[in-house]
Structures are given as C-alpha cells and as structure tokens.
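Me: I'd like to go through this one and ask what lies behind the labels. Can you set the values against the cut-offs for me?

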Amino acid sequence: MRTCAIFDLDGTIINRSSERVFLNYLLSNGEIPLGNLLRWTAYFIKSRNLRESKANKVYLRGLEYEHICAMAQLCVAERLINSISPRVFEHIEFHRAEGRTVIILSGSLEILIRLFHNHLKTDMMIGNVLEVVNGTVTGRRIGRNCYGENKAILVQQIATEHGFDLSQSYAYGNHYSDAHKLHLVGHPVAVNPDGKLRRIAAANGWRIEQFHDKLGFTR
C-alpha cells in the first residue's frame with residue numbers, strides 16, 4: 001500500500017503562527033476595517049472559546065479575495081519563508097526518496113498554506129478554506145475546522161481516499177492538539193513539542209525532534 005508523511009505548518013514547518021503573522025501584516029498595512037476587528041472581539045467575548053474564535057474569519061469580511069491572496073503572497077515572502085527549518089527540507093527529501101506522499105495539514109488559512117505547498121513542492125495540502133461570494137470574503141469558513149480531532153478525521157479520510165497505509169506512515173506536529181493525528185500513524189514525530197505533547201510523546205515512545213531553536217509564539 002501507499003504511505004504518506006503529514007506535516008503541520010505552524011510550530012513545525014515554521015516556528016510561528018502563519019495566520020497571526022498575516023493578521024499583523026494586514027493590520028500594519030491598514031487592510032483590516034476597524035469594524036471587522038470589533039466584530040471578531042465581540043464574538044470572542046460572547047463565545048469565550050479561543051478555538052472557535054480562531055476558526056472565525058470575520059476579520060476578513062468584505063475584503064476582495066484576490067487582493068487578500070496577493071497580500072498573503074507578499075507576507076509569506078517577506079516574513080515567513082525564512083522561518084522554515086532546514087530540517088524540514090531534510091525530512092521531506094527523505095520521505096520523497098522513500099516514495100511517500102508528502103502532505104501539509106494545518107489549521108491555518110488555505111491561501112497561506114498553498115504558498116508553502118508550492119515552495120516546498122509537497123504533494124497535497126489541506127487547510128481552512130475561506131468562503132467567497134462574488135469575489136468577496138464573507139468571514140466564514142467552508143468545511144471542517146482543521147484542528148484537533150478534526151485533523152485526525154481528515155487524515156482518516158485522506159487515507160481511505162488515496163489508499164494510504166497509516167501504520168507505515170509518518171506525521172509531524174508540535175501542539176498537544178496534534179496528538180489525535182499522531183496516534184493514527186505508525187511513525188509519529190513530536191516537533192518542538194509543548195509540555196503536554198512532550199509528556200504524551202514520552203508515554204507512547206514517540207520520536208521527539210527539535211526543528212527550531214525556539215518557537216516564536218504560544219497558543
């Protein structure tokens with residue numbers, strides 16, 4: 001059967017949150033209307049759920065999709081590409097040589113992930129997709145929020161669709177919420193793991209790798 005290697009983006013391929021950097025980039029260039037930020041803040045206060053608030057993309061509401069894509073390309077080129085660990089290239093080349101399908105699976109925006117997908121020449125990518133109507137971003141996502149146990153569901157779907165043998169496949173992640181995904185594969189790798197994931201990895205005998213000297217964010 002076919003095998004794959006699944007890489008997280010934030011904290012694994014790069015040492016920071018790609019969407020947080022992108023939001024700051026848009027703010028610094030005056031691209032985000034104040035009303036959008038107020039709506040996002042109000043949603044967070046009402047829900048008191050950081051996970052759901054991060055999944056809500058209302059801060060992009062009303063912006064032209066093509067313009068946001070262009071800004072994403074500038075942001076990645078100026079602030080994020082140099083954050084890729086050299087170890088990532090080494091591991092990707094190893095998996096390519098072994099004939100594995102290389103996948104980026106991330107809870108970040110698909111418009112950001114695609115730029116890393118193109119740069120690293122990975123085979124597949126999955127992320128959070130923005131809903132666009134008449135060329136304008138609505139502030140909503142399409143499909144399943146790519147986080148936590150949902151990542152595991154998506155991995156299982158990919159494996160079924162493409163015939164991957166997960167028992168012989170690899171997965172990389174840095175956050176304890178990635179444990180759902182890591183449990184599914186025969187070769188889980190905890191990359192710069194947070195304290196909780198480090199304990200899970202140690203208890204299960206998973207490999208622990210340091211791709212970055214330090215992470216540039218906390219969740």
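Me: Which residue in E2 does Ile-6 stand opposite?

Reply: It's a predicted model, to begin with. In it, Ile-6 stands opposite Ile-103 in E2.

Me: What makes strand E1 and E2 a pair?

Reply: Pairing needs at least two bridges. Strand E1 (residues 4-7) has four bridges to E2, so the two pair, and they run parallel.

Me: And what about E2 and strand E3?

Reply: Four bridges here too, again with the strands parallel; E3 covers residues 124-133. Ile-104 has Met-125 of E3 opposite it. To get from E2 to E3, the chain goes through helix H6 (residues 110-120), a right-handed β-α-β crossover.

Me: How do you know that strand E2 is mostly covered?

Reply: Eight of the nine residues in E2 (residues 101-109) are buried, and buried means under 20% relative accessible area.

Me: Why is the pair of Phe-94 and Tyr-170 called edge-to-face?

Reply: Ring centres have to lie within 6.5 Å, and planes over 60 degrees apart count as edge-to-face. Phe-94 and Tyr-170 have centres 6.3 Å apart and planes at 80°, so they qualify on both counts. Phe-94 sits in helix H5 (residues 86-97) and Tyr-170 in strand E5 (residues 170-173), so the pair ties together parts 76 residues apart in sequence.

Me: Is Phe-94 buried, exposed or partly exposed, and how about Tyr-170?

Reply: Phe-94 has 39% relative accessibility. That value falls between the 20% and 50% cut-offs, so Phe-94 is partly exposed. Tyr-170, with 10%, is under 20%, so it counts as buried.

Me: Why are the rings of Tyr-172 and Phe-211 called tilted?

Reply: Stacked needs planes under 30 degrees apart and edge-to-face needs over 60. Tyr-172 and Phe-211 have planes at 40°, with centres 6.2 Å apart, so the pair is tilted.

Me: What makes you say that the charged end of Lys-196 sits over the ring of Tyr-176?

Reply: The distance to the ring centre is 4.5 Å, and the cut-off is within 6 Å. The label also asks for an angle within 35 degrees of the ring normal.

Me: Which residues have the most contacts inside the largest nonpolar core?

Reply: Ile-13, Phe-22, Leu-60, Leu-109, Ile-111 and Phe-116, in a core of 38 residues. Helix H4 (residues 65-80) gives the most to this core, with six residues. Leu-60 touches, among others, Leu-26, Ile-68 and Leu-109. A second, separate core has 21 residues, including Ile-6 and Cys-146.

Definitions and conventions
Residues numbered from 1 in each chain as written. Predicted model: local features only at pLDDT ≥ 70, side-chain atom pairs only at ≥ 80, totals over all residues. Heavy atoms only, no water. Core = buried A, V, L, I, M, F, W, Y, C linked by side-chain atoms within 4.5 Å. Buried < 20%, exposed > 50% of the residue type's maximum accessible area, 1.4 Å probe, protein only. Contact = heavy atoms within 4.5 Å. Phe/Tyr/Trp six-rings, centres within 6.5 Å; stacked < 30°, edge-to-face > 60°. Right-handed = clockwise from strand over helix to strand, strands pointing away. Lists of a residue's contacts leave out its neighbours within four places in sequence.
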